[in-house]
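Let's take a friendly walk through a protein structure together.

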Amino acid sequence: MRASTVSKEFAAPDGSHTQVLNGVSFEAAAGDFTVIVGPSGSGKSTLLHCLAGLERPTSGEAFLDGVNLNELTPRARARAYRKIVGFVFQNYNLIDSLSAWENVALPFRLDGRRPEVSRVDAALTVVGLASKRKRLPSQLSGGEQQRVAIARAICSEPAVLLTDEPTGALDDVTAQFVFDQLKRIAANGAAVVTVTHDLVAAERADRVIVMRSGHILYTGLPIPATEITAIFAAGEVSR
Ligand SMILES: Nc1ncnc2c1ncn2[C@@H]1O[C@H](COP(=O)(O)OP(=O)(O)O)[C@@H](O)[C@H]1O
Ligand SMILES: [Mg+2]
């Protein structure tokens with residue numbers, strides 16, 4: 001998966017424009033666990049959405065599996081997303097009227113396939129929710145809903161797994177467990193990109209991307225949390 005000088009600008013109703021991404025380029029290789037960190041509002045979620053083809057860049061290109069998403073019709077783009085991408089949304093995006101199990105099975109249904117029962121069960125077991133599979137999202141805690149969203153994204157063993165603050169609602173032990181799972185999924189050959197505020201977890205990634213104000217300020221091997229904080233503050237790379 002690759003982003004090439006991706007810029008994104010949002011127009012406000014009053015006619016003003018906000019430049020959210022400023023020519024961002026990077027590559028996330030299969031087999032790598034890549035972590036994106038950056039202060040709130042730096043454009044991390046927007047970048048993930050552009051990478052997944054859920055949002056169109058104002059300029060620049062995003063490539064999934066070597067395919068330029070700009071060159072696909074909306075229908076083909078949606079299909080590529082369903083085939084290639086697992087996504088954990090920052091706000092979970094669970095369907096309120098479906099049980100945990102049905103939420104995890106949803107990608108199969110959207111793809112016109114019967115859910116593979118054993119895979120759905122296994123994904124719920126991985127996140128420790130097998131016993132709560134029949135519950136509706138409203139009957140689960142925030143952290144449990146987040147784990148259902150993770151199970152849904154990993155269930156189809158996607159080639160590209162994009163997760164937006166997947167541990168924000170989890171306790172430290174469960175968060176650590178989720179990071180271990182993401183690392184394992186990457187080691188099995190997927191390109192895993194995770195946005196997180198957990199700078200210590202970022203030290204265990206294969207690659208780290210530091211964003212601020214729509215720019216990438218650092219990309220490379222993990223650096224200590226203190227160095228990342230210095231980049232946030234200074235707005236420049238301190239190495
Ligand atoms: N649909 C939108 N319309 C207008 N502004 C947006 C939209 N989505 C995001 N933004 C703005 O873009 C900036 C970056 O947002 P986001 O990508 O969510 O940042 P992050 O995930 O790093 O916190 C924020 O200032 C946000 O308000
Ligand atoms: Mg965000």
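A residue is called buried when its relative accessible area is under 20%, exposed when it is over 50%, and partly exposed in between, using a 1.4 Å probe and protein chains only. By that rule, buried residues make up 49% of the 239 residues in the protein.

Before going on, a word on what you are looking at. This is a predicted model, in which local features need pLDDT of at least 70 and side-chain atom pairs count only at pLDDT 80 or more, while totals for chains, interfaces and linings use all residues. Residues are numbered from 1 along each chain as its sequence is written, chains are lettered from A and ligands numbered from 1 in the order in which they are written, and side-chain values use heavy atoms, leaving out hydrogens and water.

Now for the overall fold. The protein contains 8 helices and 10 strands; these are DSSP runs numbered from the N terminus, with helices (H or I) of at least four residues and strands (E) of at least two. Its radius of gyration is 18 Å, close to the 18 Å that the globule rule gives for 239 residues, so the protein is as compact as a globular protein of that length. That radius is taken over C-alpha atoms, and the globule rule is 2.2 Å times the number of residues to the power 0.38. Along the principal axes, the C-alpha trace spans about 50 × 40 × 40 Å.

Which residues hold the magnesium ion (ligand 2) as protein donors? They are S45, through OG, and Q90, through OE1, lying 2.1 to 2.4 Å from the ion. Donors are N, O and S atoms within 2.8 Å of the metal (3.2 Å for Na, K and Ca), and since water is not among the atoms, sites may look incomplete. The pair links distant parts of the chain, 45 residues apart: S45 sits in helix α1 (residues 44-52), and Q90 in the loop between β6 (85-88) and α3 (100-110). Q90 counts as partly exposed, because its relative accessibility is 38%.

Helix α1 also holds T46. With 12% relative accessibility, T46 counts as buried. Setting aside residues up to four places away in sequence, T46 touches K8, F10, V20, L21 and E55, where a contact means heavy atoms within 4.5 Å.

Finally, find D96 in the loop between β6 and α3. D96 is exposed, because its relative accessible area is 61%. Leaving out residues up to four places away in sequence, D96 touches L136 and P137.
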